[in-house]
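I opened my notebook beside the viewer and went through the model piece by piece. These are my entries, in the order I made them.

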Amino acid sequence: MDFKDLTYVLAIAKYQNITKAAESLYITQPTLTKFLQHLEKDLGQKLFRRLGNRYLLTYAGERYTAKAAEILNLKKELDQEMGDIVRNNAGSLKIAFPTMRGTYMLPCTLPIFNSLYPNVKLDILEAHSSLLEGMLLSGEADLAFFNLPIKDPNIDYEIISHEEVLLVLSAGHPLVTSAVRREGCKYPWMDLNLLRDEPLILQIPGQRTRQTVDTLLKKCDFSPNIKLQTSNISAEVDLAARGYGACFVTETHLKHIAAGKKVVYFSVGDPCTTVDFVAAYRRGSYIPYHAREYIKIVKDFT
């Protein structure tokens with residue numbers, strides 16, 4: 001058994017289809033089929049059971065793939081550590097971002113990183129923020145950037161910056177004049193209880209900002225009127241600008257959304273609400289030199 005065997009089995013488990021797995025591995029379907037037949041014969045047990053064209057893991061297959069992923073992650077970390085020791089400025093790094101944040105962070109950080117480390121291959125992954133923890137744990141990503149909270153104790157992080165969560169209303173909204181100046185608030189402060197009858201545009205459950213907003217709204221003495229749920233942050237702000245409802249967005253996002261004077265921002269909470277933007281990675285894993293360098297660049301950007 002070698003590392004190639006482990007990679008082949010993990011590909012079949014991922015795609016649950018021999019043809020798609022073979023395509024991802026750049027080998028032929030008969031080659032992969034023959035490999036699996038020989039492997040299962042050598043092991044004396046089935047790793048997959050057939051259901052039509054689908055290949056589903058048996059219990060033995062589940063144990064095999066779990067250990068295979070661990071072994072390949074350890075090999076990758078060993079390769080990275082050896083590369084750091086010789087400092088040849090070459091290697092690879094898989095970085096994951098929430099989709100919205102990637103649209104403005106990548107153009108500002110990747111050119112700087114590439115100018116310093118042109119021989120490091122970067123694989124950029126963009127996904128819903130609720131999926132990023134799983135990508136770290138599976139080894140699909142080495143490093144991910146998102147807001148706290150983190151659910152899984154096997155993920156560690158370092159704080160990049162603090163961001164305020166703001167209420168967004170159209171500039172002509174009647175509640176705009178109800179805001180007050182409060183000590184400790186960068187923006188005019190709005191009592192969330194004033195939103196009792198206001199339609200709300202919220203991010204979908206699972207997104208970090210939505211979790212923070214849900215916590216805020218639970219403290220209010222009313223049931224929120226959720227008019228729309230969407231993962232599209234730019235659309236949230238645009239809809240708020242058009243008077244469709246109120247929304248909540250982190251301050252950093254708003255710096256990169258061209259809403260102009262169509263919207264007004266407010267601090268909310270006691271007296272305001274902040275979240276931590278972090279660089280996250282698997283707990284106990286080796287953090288390559290180039291990953292730490294990229295973290296520094298992101299810190300400078302924010």
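**Entry 1: strand β10**

I began with strand β10, residues 263–267, which is mostly covered: 4 of its 5 residues are buried. I noted that this is a predicted model. Next I looked for a partner strand. I found 5 bridges that join β6 to β10, and the two run antiparallel. One pair I wrote down: L169 has V264 as its bridge partner in β10.

**Entry 2: the whole protein**

I then stepped back. I counted 10 helices and 11 strands in the protein. The C-alpha atoms fill a box of roughly 75 × 50 × 30 Å along the principal axes. How much of the protein is buried? Of the 302 residues, 47% are buried. I also looked at contacts with a separation of 6 or more, and 74% of them join residues 24 or more positions apart.

**Entry 3: strand β9**

Next I went to strand β9, residues 246–250. I found that 5 of its 5 residues are buried. I checked each face in turn. A246, F248 and T250 are buried on one side, and C247 and V249 are buried on the other.

Which strands pair with β9? Strand β6, residues 155–170, pairs with β9 in the antiparallel sense over 4 bridges. There, V165 has T250 as its bridge partner. Strand β7, residues 199–202, runs parallel to β9, and 2 bridges join them.

**Entry 4: R101**

I picked out R101, which is found in helix α5, residues 99–116. Is R101 buried or exposed? Its relative accessibility is 2%, so R101 counts as buried. I then looked for a polar partner. The side chains of R101 and E163 are joined by a polar contact of 2.9 Å. I listed what R101 touches, leaving out residues up to four places away in sequence: N147, E163, T250, T252, H253 and F277. T250 had already come up in my β9 entry, as the bridge partner of V165.

**Entry 5: helix α8**

I moved to helix α8, residues 233–241. I found I233, E236, V237, A240 and A241 buried. Seen down the axis, these buried residues fall within an arc of 135°, so they line one face of α8. What covers them? The cover includes α5, β6, β7, β9, α9 and β10.

At its start, a side-chain oxygen of N232 reaches to within 3.2 Å of the backbone nitrogen of S234. After α8 comes G243, with a positive phi near 80°.

**Entry 6: helix α2**

I made the same kind of notes for helix α2, residues 18–25. Its buried residues are I18, A21, A22 and L25. They cover an arc of only 100° around the axis, which puts them on the same side of α2. I looked for what they pack against and found α1 (3–15), α3 (29–43) and β2 (54–57).

Which residue caps the N-terminal end of α2? N17 does, with a side-chain oxygen 3.0 Å from the backbone nitrogen of T19. Just after α2, Y26 takes a positive phi of about 60°.

**Entry 7: helix α10**

I tested the length of helix α10, residues 289–301. At 1.5 Å a residue, its 13 residues should span 18 Å, and the end C-alpha atoms are 19 Å apart, which agrees. I also noted the buried residues of α10: H290, A291, E293, Y294, I295, I297 and V298.

**Entry 8: cysteines**

Last, I looked for disulfides. A disulfide is a covalent bond between the sulfur atoms of two cysteines. How many does a search of the whole structure find? The search finds 0. I took C220 as one case. With 13% relative accessibility, C220 counts as buried. C108, at 34%, counts as partly exposed.

Notes: Residues are numbered from 1 along each chain as its sequence is written. This is a predicted model: local features need pLDDT of at least 70, side-chain atom pairs count only at pLDDT 80 or more; totals for chains, interfaces and linings use all residues. Side-chain values use heavy atoms; hydrogens and water are left out. Buried means under 20% relative accessible area, exposed over 50%, partly exposed in between (1.4 Å probe, protein chains only). Two strands pair if DSSP finds at least two bridges between them. The arc is that of the directions from the helix axis to the C-beta atoms. Contact means heavy atoms within 4.5 Å. A polar contact is a pair of N or O atoms within 3.5 Å; within protein, one must be able to donate a hydrogen and the other to accept it, and residues adjacent in sequence count only if both atoms are side-chain atoms. A disulfide is a pair of cysteine sulfur atoms within 2.5 Å. The expected span of a helix is 1.5 Å times one less than its number of residues.
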